[in-house]
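Have the sequence and the 3D view open side by side as you read.

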Amino acid sequence: MDSNDLLQTEMGSKLSLQDSNTTPCLTPAADNNGIERNGNGVQRSKSFAFRAPQEPFRIEDFECEKLHGVGSYSRVVRAKKKDTGKIYALKIMDKRFIAKEKKTTYVKLERIVLDQLDHPGIIKLYFTFQDASNIYLGLESCDGGELFDQISRKACISEDEARFYIAEIVDVLEYLHKLGLIHRDVKPENILLTADGHVKLADFGSVKPMENTSISIIPTTSNEKACTFVGTAAYVPPEVLKHAPPTIGNDLWALGCTLYQMLSGISPFKDGSEWLTFQRIMARDFKFPEYFSSEARHLIDCLLDMDPSKRLASGPDGYASLKSHPFFKGVDWDNVRGMLAPKLAPPLTVDKEDEAEDAGWLLSHAGCGSTNDEVPPKEKEMASSSAAVENKENKAKFSTIDAFDSK
Ligand SMILES: Nc1ncnc2c1ncn2[C@@H]1O[C@H](COP(=O)(O)OP(=O)(O)OP(=O)(O)O)[C@@H](O)[C@H]1O
């Protein structure tokens with residue numbers, strides 16, 4: 001199945017999961033009613049209506065304002081729908097590139113999983129559309145950037161601020177894990193922030209459904225194994241390096257790494273090469289800076305347990321054991337999203353002329369060149385200078401993260 005098939009089967013907001021050339025991820029068998037059952041009797045419908053429909057939109061219906069960021073197979077731009085004035089993050093994926101790089105499974109997985117999730121801490125998918133060249137996902141726009149950028153801009157984050165972010169992430173992970181989904185790529189780059197500083201987890205292309213999931217999933221082709229290792233080296237737990245099957249413990253380990261990184265500015269096992277990082281993970285070789293509080297040290301220690309079943313929230317008490325940890329003293333778990341968010345650190349200033357040129361180039365190559373011309377000059381100038389600043393940060397990010405840290 002190629003990327004065209006992905007959206008062709010989607011016509012009329014329906015996706016047929018029948019695919020002669022595929023093997024199912026959880027090896028369910030279909031009965032005569034088109035319902036798939038796995039070994040645990042979990043039922044999955046073979047076709048269903050998407051909540052976020054495929055719309056007959058065109059890229060010309062949007063004013064592209066700035067580049068949010070560039071992923072390994074997509075670009076994300078902040079775009080205003082001209083008729084409604086509503087703002088979205090358009091994730092633009094080149095169909096030929098996706099097919100060539102065999103990323104169809106990741107795109108389908110992200111689309112189908114995001115469509116079924118409903119949590120204030122997860123980016124919303126509103127619609128999809130396509131043209132001859134691209135697939136577009138209309139996502140909720142997170143105008144506060146990445147948590148990664150906040151860590152870089154502030155050098156490190158205070159424990160009070162880190163408590164806020166980690167509590168909101170715990171709330172999201174509890175929701176996902178209860179649904180039977182493992183995210184598998186929790187890290188500061190995938191934790192986006194709204195303009196008022198609240199957390200939205202992104203990047204669901206690596207999600208792994210557990211046996212008991214209530215989420216409808218898709219088959220994977222034999223050469224695009226969504227069930228095998230994915231993720232980012234510095235956040236990979238030791239058991240994954242030993243090829244153990246994925247568990248929610250994978251996300252809890254990454255949560256521990258993320259908390260450590262917020263408080264110190266660097267991930268705990270980061271080293272000069274992928275091999276050295278893996279050695280340190282296997283040896284659980286990390287040190288706490290002196291200024292970490294005893295509560296933060298203890299929480300990180302419990303999340304970075306070599307035994308995934310012993311990590312807080314993995315045990316028989318589930319999330320209660322994690323949420324009652326002393327680090328979270330004062331957090332009102334019934335109203336996590338009601339907490340006051342830390343003030344966002346603004347982007348660093350850069351040489352605007354050079355960078356505006358680069359940002360304009362990137363936007364026009366995101367398929368938005370003609371629409372950008374319709375933006376009034378003042379707005380265009382503002383859009384490109386803010387895009388320039390973020391583009392500079394993107395470049396800085398690429399140069400500071402080892403090649404192995406990007407998938
Ligand atoms: N909904 C959004 N709102 C604002 N910015 C976003 C949104 N989604 C993604 N971004 C930004 O765009 C960048 C590219 O996102 P994308 O999902 O294409 O790739 P990624 O997840 O970063 O990378 P990869 O695909 O390599 O894992 C992200 O790093 C993020 O900063």
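**Charged pairs and a ligand**

The structure holds 19 salt bridges, a salt bridge being a side-chain nitrogen of Lys or Arg within 4 Å of a carboxyl oxygen of Asp or Glu. Please keep in mind that this is a predicted model, in which local features need pLDDT of at least 70 and side-chain atom pairs count only at pLDDT 80 or more, while totals for chains, interfaces and linings use all residues. Residues are numbered from 1 along each chain as its sequence is written, and side-chain values use heavy atoms, with hydrogens and water left out.

Start with Glu110 and Lys91, whose closest N and O atoms are 2.8 Å apart in a salt bridge. This pair links distant parts of the chain, 19 residues apart: Glu110 sits in helix α3 (residues 104–116) and Lys91 in strand β9. Helices (H or I, at least four residues) and strands (E, at least two) are DSSP runs, numbered from the N terminus. Both Glu110 and Lys91 are buried, where buried means under 20% relative accessible area, exposed over 50%, and partly exposed in between (1.4 Å probe, protein chains only).

Next, find the salt bridge between Glu239 and Arg311, with N to O at 2.8 Å. Glu239 belongs to helix α6 (residues 238–241) and Arg311 to the loop between α9 (294–303) and α10 (319–323), so the pair ties together parts that are 72 residues apart in sequence. Glu239 counts as buried because its relative accessibility is 8%, and Arg311 is buried with a relative accessible area of 1%.

Asp307 and Lys310 also meet in a salt bridge, at 3.7 Å from N to O. Here Asp307 is partly exposed at 27% relative accessible area, and Lys310 counts as exposed at 56%.

Now turn to the ligand. Of the 18 residues around it, Ser72, Ser74, Lys91, Glu140 and Glu146 come nearest; a residue is near if one of its heavy atoms lies within 4 Å. A polar side-chain atom of Ser72 lies 2.6 Å from a ligand oxygen atom, and a side-chain N or O atom of Glu146 is 2.5 Å from an oxygen atom of the ligand. Taken alone, the ligand exposes 600 Å², and the protein buries 90% of that; these areas come from the Shrake-Rupley method with a 1.4 Å probe.

Where does the ligand lie relative to domain 1 and domain 2? Domain 1 (3–142) and domain 2 (147–338) both give residues to the shell, so the ligand lies between them.

Note on methods
Polar contact = N/O pair within 3.5 Å; in protein donor to acceptor, adjacent residues only side chain to side chain. Domains from an automatic or database assignment.
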